Amino acid sequence: MDSIKVTGGHRLNGVIPISGAKNAALPLMIASLLTADELILENVPHLADVESLIRILTNHGVDYHVEGKRRAHNGQQGRNIAFTAGEIVDTTAPYDLVSKMRASFWVIGPLLARMHKAKVSLPGGCAIGTRPVDLFIDSLQALGAKITIDGGYAVAEATGGLTGADYTFSKVSVGATHVAMMAATLAKGKTVLRNCAREPEVTDLANCLIAMGAQISGAGTSTLTIEGVEALHGARHRVLPDRIETGTYAMAAAIAGGEVLLKGAQASLLQNALDVLVRAGVEIEEKNDGIRVMRNGHGIKPVDVTTEPFPGFPTDLQAQFMALMTQAEGTSTIRETIFENRFMHVQELARLGAQITLDGQEATVHGPSALKGAQVMATDLRASVSLVMAGLVAEGDTTITRVYHLDRGFEHLEQKLSACGAAVERISA
Ligand code: EPZ
């Protein structure tokens, strides 16, 4: 198994190109199941999760091809991939494929909408929490689906098709919003979805569905109104920039010191996190071609944060922010409200010398700590990148094992950081 070695003590200076968002690309790819025509997605990142989803989609009968090589910025740019679900040959998503990635459960929405049936393996728990699927099942039932759980599968049927409904989510869920919205595009009549997630990736999916002929209003608000149509058609859509990758590299520049241009990043996608960084003493400047992040000389101030659904501080930046706060001049508290078990990085950061106390959903970080390199273990995607960040300021070498977690969601991580002067290398087993 590969590992990543980071030698601390190098500032970051240069340009980091921001990739297409993983969490937008995945639902957009799933949307290709809704039409027999070609859906071309531009700027799809090279990630293990994208490859896993391609395997699921091809199992349903989706054909795909990657458009030819393009002259890319710094040699790094996502691919343009065309997906065509001309004929769906299989409405079952088997356990061995779904268990690799939770988002693959989301195929249940388009399959039900277009084929009126689906049998999708339940994803099971994951490292960051139990992550149930009750909201998916409840909302699809509201649209007229009959769903039973049998042998570890959600078996869903909507004889004659789904029907529009007025439905309120009891809790904000990104995935359940994606799925109910996709399902409603082909339901009979009007659907109103309330208490929806407002994450930019939901808006990106809505915009793509609209380009495919769906009638959706309210994207970006908590109420989505969808008038069902007979069929959707093909479209070409560019995946929006990854706001979590943007925030991660902004925090990496903050922890290591230096100045980086996050090329292609959009500040409006992560305003809350950028405001937090400004309060921590980081200089942020919005440019035409991205975001410039700078920390030269002055120290980092402690800032308290609570994770919340968008537009609040994202849970997907919580671990990275905790790494940054280990270097703050004082004590900060970080409260996690989205997932019940998303603090596994605490023990690993402690191995590097961080002083963090945990009380339920709240972590108190006592900064600043002089970190010292050690061998640490990646436990999930965002936790693993927080260890890379801590390694940037730790004395000596930090070796992060189980880097397959990183490969799920960070495109060319070592290359992007090394190009800015960091000493980060992959050690192939
Ligand atoms: C999406 O996961 C993201 N994944 C996650 O990114 C992100 O952390 C999360 O949204 C929150 O922003 C993708 O987009 C692929 P949720 P999702 O449903 O949709 C509970 C990353 O590192 N819930 O909004 O699975 C759930 O347990 C990741 O890239 C139910 O109770 O998250 C959680 O507590 C990991 N019942 C809360 O809702 C349900 O049926 C929010 O989860 C569904 C969810």
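Visitor: How much area do domain 1 and domain 2 bury between them?

Guide: Buried area is the accessible area (1.4 Å probe) that two parts lose on being put together, summed over both. Here domain 1 and domain 2 bury about 2200 Å², with 53% of it on carbon and sulfur atoms. F310, R408 and E411 supply 28% of the area that domain 1 buries against domain 2, more than any other three residues. This is a predicted model, in which local features need pLDDT of at least 70 and side-chain atom pairs pLDDT 80 or more, while totals for chains, interfaces and linings use all residues. Residues are numbered from 1 along each chain as its sequence is written, and side-chain values use heavy atoms, without hydrogens and water.

Visitor: Where do the two domains lie in the chain?

Guide: Domain bounds come from an automatic or database domain assignment. That assignment gives 3-19 + 241-427 as domain 1 and 22-238 as domain 2. Contact means heavy atoms within 4.5 Å; 28 residues from domain 1 and 25 residues from domain 2 take part.

Visitor: How many salt bridges are counted between domain 1 and domain 2?

Guide: A salt bridge places a side-chain nitrogen of Lys or Arg within 4 Å of a carboxyl oxygen of Asp or Glu. The count between the two domains is two. R408 and D49 meet through their side chains in a salt bridge, at 2.7 Å from N to O.
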